[in-house]
Structure formats: structure tokens, C-alpha cells
Amino acid sequence: MNMEESTFKELLQKYQDGKCTPEELNILENWYLAEARKPIPEYSETQLAEVKTAVWEAFSEKAGFESQNHIPESKTVKLFRNLGIAAALVVALGIGFYFYSAQNTKNNQLVNQHTTPVVPGSNRALLTLADGTTVALDDSKNGELAQKSGIQIVKLADGQLLYRISKSTQKTGLEHLSNTVQTPNGGQYQLILEDGTKVWLNAASSLRYPMAFSNHDRVVELQGEAYFEVAKDKKRRFVVKTIQQEVAVLGTHFNINAYPEESSVKTTLLEGSVRIVQKTKGTGATVLLKPGQAAQFNVDRFDVKEVDTEEAVAWKNGYFVFDNEDLKTAVRKVARWYNLEVVYTGQIGAVEIGGSVSRFDNIDQVLQVLRLTTRLNFKVEGRRLTISH
Amino acid sequence: MLMDNYTELPDLVLIQLTKEGDQLAFSHIYERYWGMLFIHARKILGSEDEAKDIVQNLFFSLYTNISHIDFKTTLSSYLYRSVKNMVLDHIKHQKIVDRYLESFSNFSDHGALITDQEIRRKELEKIIEQGIDELPGKMKEVFVLSRRENMSHKEIAEKLGITQHTIKSQISNAIRILRNKIGACLMLF
């Protein structure tokens with residue numbers, strides 16, 4: 001297709017008038033992004049300083065500024081006014097600092113109990129392409145990661161992965177080419193699938209998905225935990241397969257916890273509706289969830305409860321939230337994120353945990369929450385977390 | 001010392017001061033943002049003179065309309081949105097549009113895309129802000145410093161469990177009260 005000059009100009013005019021269709025906006029704004037990623041010829045410090053002064057002088061003349069120079073002038077009134085602002089800021093910052101330092105003192109006391117640094121997780125994952133090529137994903141480099149079979153894999157500035165398919169690429173066949181994103185202990189990752197669905201992948205999890213979805217459905221496979229914001233598409237349902245279940249939706253927000261070490265898969269629905277089908281026991285038991293409900297398969301049927309959905313997606317928002325959660329389940333969440341090995345010494349019966357804490361705090365802050373509600377001892381040595389009476 | 005504290009003031013305070021006729025406050029807004037706006041326009045237009053015109057016009061438009069602009073989100077979002085609109089408007093001109101025909105037609109063939117408008121907006125903001133990495137130390141520092149100040153609002157808000165909007169309005173209330181008091185003191189002199 002050859003874009004005629006008049007067509008492009010018309011498009012720009014439509015853009016200015018706010019009359020672009022979503023498709024036109026899509027093309028124009030994405031083209032603009034591509035242009036914005038171009039490199040710029042190097043400017044020396046002197047050259048930049050010249051540009052800065054020239055533009056400022058042209059501006060301040062046009063705007064009728066009193067002085068061409070923008071070095072602060074000394075005026076008594078200004079001094080007092082600034083003192084006022086400064087005082088106001090000191091008050092506000094002071095309050096903030098008080099809270100900050102109060103918390104910090106608490107942290108330091110805990111940190112002093114031992115010296116091994118155990119750090120929280122970060123955005124890290126491994127991408128495996130259909131041909132077996134692997135690409136490490138972290139916060140370092142952005143832009144195009146790979147170009148395979150007419151699909152460009154781009155890492156956005158905030159770390160998200162984006163699949164960009166050229167129009168000329170034959171979509172047929174692509175659904176058979178799968179990619180896998182896998183997070184280690186202490187890693188999490190966010191990606192956007194080809195249909196616009198957003199997926200947040202928690203630590204020690206993996207998501208397998210085709211380069212492009214087929215025309216009749218959108219199927220992905222999950223191990224571990226992920227939160228999905230499924231792009232609406234009434235014609236193609238979105239299916240998440242786990243070892244035990246299939247969760248099918250048309251467009252909705254939900255969280256699936258399907259770690260192999262957890263007793264059963266837990267699906268929590270935030271928006272829309274989902275249908276869950278058990279594949280293992282109970283041959284095809286099925287349940288339809290409403291927003292605010294969570295389902296877990298128990299022996300031979302689904303256990304559906306009204307839950308606090310905030311708790312289920314707390315991990316994605318940077319928190320651990322334990323609402324009378326079983327100790328061992330809670331500890332597994334912490335261990336996956338801080339990459340710890342857990343050892344229980346002695347008999348530890350059924351204990352429930354309550355409380356919430358940031359996932360980006362020092363490990364001691366997290367353990368303190370566990371200590372407070374259990375009266376057990378939590379000790380970290382190297383990568384080992386020992387829990388005892 | 002305190003007189004130079006403009007560098008530490010959050011964007012919204014500088015805007016408020018500009019509205020009240022403080023030209024110095026506006027020059028600090030310029031200090032903060034001119035660099036990455038210039039680099040962004042220069043990248044896309046490939047011409048220094050055109051990029052300079054865009055930046056100059058952008059600040060002129062901001063200054064003359066500052067009382068009427070509704071900063072829905074932040075000053076930075078407003079500036080990034082404006083620079084994009086001005087650059088696209090500039091490209092529309094005869095002679096200039098020709099420079100982009102090939103690039104655009106190749107792109108629209110290749111297709112594409114971040115389909116979510118909100119994600120596109122955020123991505124563009126990030127790309128523009130990454131432009132500060134191309135500025136020398138001192139110029140970059142001005143922006144980073146101001147960000148830290150803007151951040152601290154967020155942090156305070158988080159610590160206190162109130163919204164940033166509340167923090168901002170509390171600060172501006174505090175400024176107003178203090179100013180009235182200082183005004184009264186000056187009257188006594």
C-alpha cells in the first residue's frame with residue numbers, strides 16, 4: 001500500500017480535529033512512538049546550552065518578560081514569600097519525615113538481629129521462543145528483543161512485553177508457535193498478549209501462550225500464579241489451562257493460583273464472569289463464578305466463597321495480605337518471593353496468620369508480621385528460613 | 001539561600017506562583033522541561049530550528065494560557081501531550097509532510113501495535129522522559145531534583161494514608177495562610 005501525501009495529510013488533519021477512528025489513532029500514534037524511539041545526533045554541553053538560551057530569549061521577548069535573564073533577582077517581598085513556601089513545605093515534609101523515620105527505626109532494630117542480606121524479588125523472567133531461543137528479561141534494556149516469523153517482540157519502557165504482528169504476516173500457523181515466560185523464585189513479570197490481554201505473573205510461575213491466537217479461541221497454559229485482565233472479545237473465549245482445570249472467560253479480571261505445591265487451584269474473580277471446569281477428579285465438575293467469589297476444588301466438588309478480592313491480588317499490588325491464612329501457605333508465598341528454603345523444626349500444628357506487609361520491605365519486616373500472630377520463632381540464615389516453637 | 005529554593009518546589013507550586021505573576025517561577029518550569037521537550041521534537045523533526053520553534057511556542061502557549069489550563073493530571077503530562085500535538089501539527093505542513101510519507105507508509109504496512117490508548121500515552125511519556133539521559137549532568141540534575149520533590153509528596157501521602165491531591169491542597173492552603181500572615185507583617189513594617 002502506498003500512502004498518498006493527501007491521505008497522510010488528511011489523517012493528520014483528522015487527528016487535530018479529534019475525528020480519527022480508533023484504528024487510525026492506533027496507526028498514527030504507534031507510528032509516532034516508533035519515530036520517538038529514534039536516536040538523536042549527539043549534542044555537546046555547549047551546543048545544548050546555546051539552544052537553551054536561544055529558545056528562552058526568544059520566548060521571554062515574545063512573552064514580554066521583565067528580564068531576559070532568569071537568574072533569580074533579589075526582592076525583599078520575594079524572600080518573604082519564599083520563606084512562607086519553605087515554611088509550609090517544612091511542615092509538610094516534617095510530618096512525612098516523622099512517619100518515615102519512625103518506621104525506619106523499627107526496621108533497623110529488626111535488621112540488627114542478623115546480617116545476611118535477603119532481598120525481595122524484582123521484575124525478572126526468562127522468555128523462551130518457539131524455536132527454543134531464550135531471552136533474559138529484566139529492567140535493563142528496552143526496545144526490540146527479537147523478530148521471529150514476522151512478529152516483533154518489543155520490551156516497553158516499563159518492562160512489559162508486547163507482541164507486534166505485521167499485517168502481511170500469515171496469522172495461520174502462528175497459533176502453533178508457543179512462547180513461554182517463566183519467572184524464577186524472587187521474580188515477577190507483566191506482559192501484554194497479542195490480543196491486548198494483560199498478564200501479571202507472580203514468582204516461580206510460567207505462562208505458555210501462542211505467538212498469535214487462533215480465530216476461534218485464545219488458550220494459554222499456566223503454572224503458578226497469575227492475574228489476568230482479559231481483553232474483551234465476544235467471539236473468542238479466553239481459556240487458562242492449569243494442570244487440574246480450565247478457566248474460560250470472554251473478557252474479565254481474575255486471579256489464578258495454581259502452584260503445584262498448593263493443594264488445589266484457587267481462582268478469584270474481580271470483574272465479569274468465569275466458568276471453571278475441573279479436569280482431574282469429578283470428571284468435568286463445573287462452576288460459574290460471580291465477581292467477589294473464589295473457587296477451590298475440594299475432594300469432589302467446588303467450594304465457592306465470597307472473598308476479599310484485594311487479598312487475592314495483593315501480590316500484584318506489592319503486598320502480602322494474610323487473612324487468617326494457613327501458616328505454611330503464607331510462608332510459601334514469602335519464600336517464593338524472597339527465594340528462601342523453608343525448614344520446620346518440631347511439631348507445628350495448624351496455625352493461622354493475619355496481617356499485611358509490603359513485598360518490597362526487608363524480610364524482617366515481613367517475618368515480624370508472622371511472629372506477631374503466631375508466637376513462633378522465625379530465623380533466617382543464608383537462604384534458609386527456620387521456623388520453630 | 002531560601003530564595004533559590006525554586007528548584008525544590010513541586011510543579012504545581014511553580015504553576016500557582018506563575019499564575020500570581022511570578023516570572024521567575026516560570027523560568028524554573030522552563031529549566032525543568034525544556035531539555036527533554038527539545039530532544040523529543042528534535043528526534044522526530046530531524047531539524048534543530050524546527051524543534052526550537054516548537055519548544056518556544058509550547059512554552060509561550062503554556063505561559064499565556066496558564067490561568068485557563070486545567071492540569072487534569074500533572075504538568076508533565078500536559079507538556080508531553082502538547083509537544084506531541086504540536087509536532088504532529090507541524091508535520092502536517094506542506095513540504096514537511098513529504099519527509100514522513102515513506103516512513104509512515106512503511107509503518108502502516110507493517111502494522112502493529114499497542115492497541116490500548118492509555119498504554120500508548122504512558123509509553124510516550126516514558127520515552128520523552130528518557131530524553132533527559134541525553135542531557136549533560138547539570139541539566140539532568142534539575143529535572144531529577146524536581147522529580148524527587150514530587151516523589152516526596154507521593155511518599156508523604158502514602159505514609160499518611162491520604163491522597164496526593166489532599167497533600168497538595170494542604171500545602172497550597174498552608175502557603176496561602178502563611179502568605180497572609182507575612183503580608184500582615186509586611187504591612188507593619
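**Entry 1: the end of helix 7, chain A**

I began just after helix 7 of chain A, where A:Arg375 takes a positive phi of about 60°. Helices here are DSSP runs of H or I with at least four residues, strands are runs of E with at least two, and both are numbered from the N terminus. I record that this is a predicted model, in which local features need pLDDT of at least 70 and side-chain atom pairs count only at pLDDT 80 or more, while totals for chains, interfaces and linings use all residues. Residues are numbered from 1 along each chain as its sequence is written, and chains are lettered from A and ligands numbered from 1 in the order in which they are written.

I then checked the span of helix 7, residues 363-374. The expected span is 1.5 Å times one less than the number of residues. Buried in helix 7 of chain A are A:Ile363, A:Asp364, A:Val366, A:Leu367, A:Val369 and A:Leu370. I call a residue buried if 20 or more other C-beta atoms, placed from the backbone, lie within 10 Å of its own, exposed if 12 or fewer do, and partly exposed in between.

**Entry 2: helix 6, chain A**

I looked next at helix 6 of chain A, residues 327-338, whose 12 residues reach 16 Å from first C-alpha to last, close to the 16 Å expected. Its buried residues are A:Leu327, A:Ala330, A:Val331, A:Lys333, A:Val334, A:Arg336, A:Trp337 and A:Tyr338. They pack against strand 20 (319-326), strand 21 (341-344), strand 22 (352-358), helix 7 and strand 24 (384-388) of chain A.

Just after helix 6, A:Asn339 takes a positive phi of about 50°. This residue sits in the loop between helix 6 and strand 21 of chain A. I find A:Asn339 partly exposed because it has 17 C-beta neighbours inside 10 Å.

**Entry 3: A:Ala204**

I noted that A:Ala204, a residue other than glycine, has a positive phi near 50°. The loop that holds A:Ala204 runs between strand 9 (198-201) and strand 10 (206-210) of chain A.

**Entry 4: A:Arg237**

A:Arg237 is found in strand 12 (residues 237-241) of chain A. With 16 C-beta neighbours inside 10 Å, A:Arg237 counts as partly exposed. Its C-alpha atom is separated by 6.5 Å from that of A:Ala248, 11 residues away along the chain. Beyond neighbours within four places in sequence, A:Arg237 is in contact (C-beta atoms, placed from the backbone, within 7 Å) with A:Asp217, A:Ala248, A:Val249 and A:Leu250.

**Entry 5: the nonpolar cores**

I looked up the largest nonpolar core, which has 48 residues. Such a core is a set of buried Ala, Val, Leu, Ile, Met, Phe, Trp, Tyr and Cys residues joined through C-beta atoms within 7 Å. The residues with the most contacts inside it are A:Val199, A:Leu201, A:Leu207, A:Ala226 and A:Ile256. Strand 11 of chain A (residues 217-229) gives the most to this core, with 6 residues. Apart from it lies another core of 47 residues, including B:Leu17, B:Phe59, B:Val83 and B:Ile91.

I also listed the contacts of A:Ile256, not counting residues up to four places away in sequence. They are A:Leu222, A:Glu225, A:Ala226, A:Val240, A:Thr242, A:Val247, A:Val265 and A:Thr267.

**Entry 6: the two chains**

Chain A has 7 helices and 24 strands, and 31% of its 389 residues count as buried. Chain B has 8 helices and 0 strands, and 35% of its 189 residues count as buried. Among contacts between residues at least 6 apart in sequence, 47% in chain A join residues at least 24 apart; in chain B the figure is 61%.

**Entry 7: helices 2 and 3, chain B**

I found that helix 2 (residues 23-45) and helix 3 (residues 48-65) of chain B pack at about 145°, with their axes 9 Å apart. Axes are lines fitted to C-alpha atoms over the stretch in contact, and angles run from 0 to 180 degrees between N-to-C directions. The residues of this contact divide into 13 nonpolar, no polar and 3 charged. Nonpolar covers Ala, Val, Leu, Ile, Met, Phe, Trp, Tyr, Cys and Pro, charged covers Asp, Glu, Lys and Arg, and polar covers the others, Gly among them.

Helix 3 of chain B has 18 residues and reaches 26 Å, close to the 26 Å expected. Its buried residues are B:Ala51, B:Ile54, B:Val55, B:Gln56, B:Leu58, B:Phe59 and B:Leu62. I noted that these pack against helix 3 (45-62) of chain A together with helix 2 and helix 4 (75-91) of chain B.

Definitions and conventions
Two residues are in contact if their C-beta atoms, placed from the backbone, lie within 7 Å.
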